[in-house]
Amino acid sequence: MKCEECGVELTEENTYRRAMHGVEHHFCCSHCAGSYQKGKA
Ligand SMILES: [Zn+2]
């Protein structure tokens, strides 16, 4: 599993999950989640 924004390798401990449009995405941090969401919108 890798961060969908920056591509860093994720472990169970550092995975940040955020659901977008009913689909769960996986990131390394909330910053990457926000950046990914911005890029999609
Ligand atoms: Zn990241």
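Trainee: In what order do the elements of the protein run from the N terminus on?

Mentor: Happy to start there. This is a predicted model, where local features need pLDDT of at least 70, side-chain atom pairs count only at pLDDT 80 or more, and totals for chains, interfaces and linings use all residues. Residues are numbered from 1 along each chain as its sequence is written. Helices (H or I, at least four residues) and strands (E, at least two) are DSSP runs, numbered from the N terminus. The protein has two strands and one helix, and from the N terminus on the order is β-β-α.

Trainee: Is Gln 37 buried, exposed or partly exposed, and why?

Mentor: Gln 37 sits in helix H1, which covers residues 30-40. A residue is buried if 20 or more other C-beta atoms, placed from the backbone, lie within 10 Å of its own, exposed if 12 or fewer, and partly exposed in between. Because Gln 37 has 15 C-beta neighbours inside 10 Å, its class is partly exposed.

Trainee: Which residues make up the largest nonpolar core?

Mentor: Buried residues are 15% of the 41 in the protein. A nonpolar core is a set of buried Ala, Val, Leu, Ile, Met, Phe, Trp, Tyr and Cys residues joined through C-beta atoms within 7 Å. The largest has five members: Cys 3, Phe 27, Cys 28, Cys 32 and Ala 33.

Trainee: Which residues does Cys 32 touch, not counting those up to four places away in sequence?

Mentor: Contact here takes C-beta atoms, placed from the backbone, within 7 Å. With residues up to four places away in sequence left out, Cys 32 touches Cys 3, Glu 5, Cys 6 and Phe 27.

Terms used. Contact = placed C-beta atoms within 7 Å.
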